[in-house]
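Work through the following exercises with the sequence and the model at hand, and try each task before reading its solution.

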Amino acid sequence: METYFNIRYEFDRDSVREAIDRRLREPGADYVCVADGVILTAATRDDEYRRVVNGGMFSICDSSYVPLYIDWIYGRSVRQYCGSEIFRDIVSSRKYRMIFLGTQQPVLDGLRENLRKLNPDVGSMRFVELPFCEVGEFDYAGIAEMIEADGADIVWVALGAPKQEVFMSMLKPRLGRGVIIAVGAAFKFFSGVETKRAPGWMVRHHLEFIHRLCQEPGKQFRRCYGILRTLPAILYREWRVSRSAGSVVS
């Protein structure tokens, strides 16, 4: 686990899955954040939100640009592990009982149907539509009771950032066990109902944001604007951190 841009990342995919396995053998619940550019910029601007992001086990790197920034600043090579990939890996492993919490029932219905192709066991798992409300207004006691009664190991949450990270932090103390993972748009990607992920060549060339802009122009333009407005200061601060760390080492 390493800290860059004030976020605790775990970049190694095997280590991520091993850590989840270990946590499930222990009492108490925890959560994993899937940190994209929106989370990075929000955590930079808001100290309380940054504490939420770092209050779980770790974050995985959903941004294809953060590895580039780390390479430029530190000369270190790390890999992206995006939400749709960890979602696919864990669902297809057939190791866990899972519950899927999100909004829009048509998306959940399409998700169930498509995930059966990855894991036939999904047919007996719960897909629960959550009400549209402020993050503090959810019935956390009732949601926790439902999860405990279900016996789910993995709780998938798709509410969009920054709402879903706060949701996980508020649900965590009410659960006796389990790992909660917020995967944002992965429900839509795998549902076949709405947004589809960019083609592989766009992902490999760091152009996925263009695909998302074309599919959801209003929402994604606001997000991109927020990231671009904050990014120069974020990079400069991290460059200063790297220089300071180099001085200490030398």
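## Exercise 1: two helix pairs

Helix H5 (residues 83–93) packs against helix H6 (residues 105–118) at an angle of about 65°, and their axes lie 9 Å apart. Helices here are DSSP runs of H or I with at least four residues, strands are runs of E with at least two, and both are numbered from the N terminus. Axes are lines fitted to C-alpha atoms, for helices over the stretch in contact, and angles run from 0 to 180 degrees between N-to-C directions. The model is a predicted one, in which local features need pLDDT of at least 70 and side-chain atom pairs count only at pLDDT 80 or more, while totals for chains, interfaces and linings use all residues. Residues are numbered from 1 along each chain as its sequence is written, and side-chain values use heavy atoms, with hydrogens and water left out.

Task: which residues of H5 meet which residues of H6?

Solution. Taking contact as heavy atoms within 4.5 Å, Phe-87, Arg-88, Val-91 and Ser-92 on the H5 side meet Leu-111, Leu-115 and Leu-118 on the H6 side. Sorted by class, this contact of H5 with H6 has five nonpolar residues, one polar and one charged. The classes count Ala, Val, Leu, Ile, Met, Phe, Trp, Tyr, Cys and Pro as nonpolar, Asp, Glu, Lys and Arg as charged, and the others, Gly among them, as polar.

Task: how is H7 oriented to H8?

Solution. Helix H7 (residues 140–150) and helix H8 (residues 163–171) pack at about 75°, with axes 10 Å apart. H7 is therefore roughly perpendicular to H8, a term that covers 65 to 115 degrees. In this pair Tyr-140, Ile-143, Ala-144 and Ile-147 of H7 meet Phe-167, Met-170 and Leu-171 of H8, and by class the contact has seven nonpolar, no polar and no charged residues.

## Exercise 2: backbone details in loops

Task: where is Pro-162 found, and what is the peptide bond from Ala-161 to Pro-162?

Solution. Pro-162 sits in the loop between strand S7 (154–158) and H8. The bond that joins Ala-161 to Pro-162 is cis, with omega near 5°.

Task: what is the phi of Asn-6, and is Asn-6 buried or partly exposed?

Solution. Although Asn-6 is not a glycine, its phi is positive, at about 65°. Asn-6 belongs to the loop between strand S1 (2–4) and strand S2 (7–9). With a relative accessible area of 48%, Asn-6 is partly exposed, since buried means under 20%, exposed over 50% and partly exposed in between (1.4 Å probe, protein chains only).

Technical notes. Angles under 35 degrees count as roughly parallel, over 145 as roughly antiparallel, 65 to 115 as roughly perpendicular and the rest as oblique.
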